[in-house]
Every structure is written in C-alpha cells, then in structure tokens.
Amino acid sequence: SLISAMEKAGGGSEWERALQLFGEMEKRGLNPDRISYNALISAMEKAKGGSEWQIALELFERMKERRIQPDRYTYNALTSAMGRAKGGSEWRKALALFEEMKESGIKPCTMTYSALLTALEKARGGSQWETALELFAEMRERNIKQNTITYNALTSAMEKAAGGSKWELAIELFEEMKNK
C-alpha cells in the first residue's frame with residue numbers, strides 16, 4: 001500500500017503525508033482495515049527525530065473504537081513508538097500496553113520483548129534496568145527466543161541505569177550471549 005511505502009521512506013517515514021492520505025481515504029468513504037492502521041502506526045513509530053507516539057496511540061484507540069482488532073504487529077509498532085519518543089521513552093505506557101496485549105490473548109514474541117526492553121532502556125532519567133531484567137526472565141520462562149537486539153537493549157539498560165552503570169551485569173549478559 002502507499003501508506004506502507006511512506007512508512008519505509010529513506011531517512012525516516014513520511015508520516016505527515018501518510019496521515020494526510022489516510023484522512024483522504026476516510027473522506028472518500030473507504031474504511032481502513034487493520035493493515036492500513038498498522039502501516040500508519042508504524043509510520044508514526046519511524047518519524048524523523050523521534051516517534052509521533054501520541055498520534056500512534058490515537059490511531060490505536062480509533063482502530064479499537066471501529067472494532068478493528070489489533071494484532072501483534074499493531075502492539076509491537078506502538079510499543080516501539082513509545083520507546084522512540086522524543087526526549088526519552090514512554091516506558092510506563094509501553095508496559096501498560098504490553099499487559100493489555102497479553103490480556104487480549106495476543107502472545108508476545110521476541111520483537112515485542114525487544115521493543116519493550118528498548119523502551120525501558122531509553123527511559124528519561126536513566127533506564128528501568130530492574131524491570132528490564134524481570135522481563136528478560138519472563139522471556140526465558142515463556143521460552144521466547146532472545147536475539148542480538150534483546151541482549152543489546154538489555155546491556156544498554158545496564159549501562160544507563162539511574163545512579164550509575166550496572167556494568168557487572170552487562171558483562172554477565174554479554175558472556176551469556178556469546179555462549180548461545
């Protein structure tokens with residue numbers, strides 16, 4: 001779709017144009033589907049200079065009001081948008097979204113956890129490293145595969161811990177990753 005192409009524009013999404021096109025679709029009586037909403041939420045996530053997470057969240061709410069069921073891709077894109085917020089992540093909102101996702105019966109995947117760990121890593125005032133470690137443990141309990149992005153976000157959270165780096169934990173995680 002055209003919105004998807006705008007989302008993938010080099011140097012950051014063309015989110016303003018994608019939003020305008022989305023509005024035109026609605027004015028012409030075309031009902032956007034989940035794919036259109038997902039592409040637009042993803043465009044908000046990839047905005048130049050930091051995400052447009054507030055608009056992404058409004059789109060998410062509008063989607064649900066229209067009884068269009070969000071899927072894992074929807075939740076992942078919105079969580080990622082909250083992690084890429086200008087000035088630091090909206091990690092509390094990302095955690096609440098994560099809980100909503102699980103309550104709605106959608107199973108989180110590696111990408112979900114990685115986006116959430118990134119949001120915790122980029123928290124204003126220092127990472128939420130303890131919560132990040134709890135989520136990492138949850139991934140293991142649920143047998144969800146960890147990848148390089150997962151480990152990078154987690155070790156970066158250790159580096160950016162409020163009150164000083166948790167470098168010892170970061171080294172342990174690095175060694176664990178090497179041995180996988």
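I began with Tyr-151, which counts as buried because its relative accessibility is 2% (buried means under 20% relative accessible area, exposed over 50%, partly exposed in between, with a 1.4 Å probe and protein chains only). Phe-136 also has 2% relative accessibility, so I noted Phe-136 as buried.

A note on what I am looking at: this is a predicted model, where local features need pLDDT of at least 70, side-chain atom pairs count only at pLDDT 80 or more, and totals for chains, interfaces and linings use all residues. Residues are numbered from 1 along each chain as its sequence is written, and side-chain values use heavy atoms, with hydrogens and water left out.

Next I looked up the helices: I found 10 of them and 0 strands (helices are DSSP runs of H or I with at least four residues, strands are E runs with at least two, numbered from the N terminus).

Then I turned to ring pairs. How many aromatic pairs does a search of the whole structure find? I wrote down 4 (rings of Phe, Tyr and Trp, the last by its six-membered ring, pair if their centres lie within 6.5 Å; planes under 30 degrees apart are stacked, over 60 edge-to-face, the rest tilted). One of them is Phe-60 with Tyr-75: the centres are 5.4 Å apart and the planes at 70 degrees, so I call this pair edge-to-face. Phe-60 sits in helix H4 and Tyr-75 in helix H5, 15 residues apart. I found both Phe-60 and Tyr-75 buried.

Phe-136 belongs to helix H8 and Tyr-151 to helix H9.
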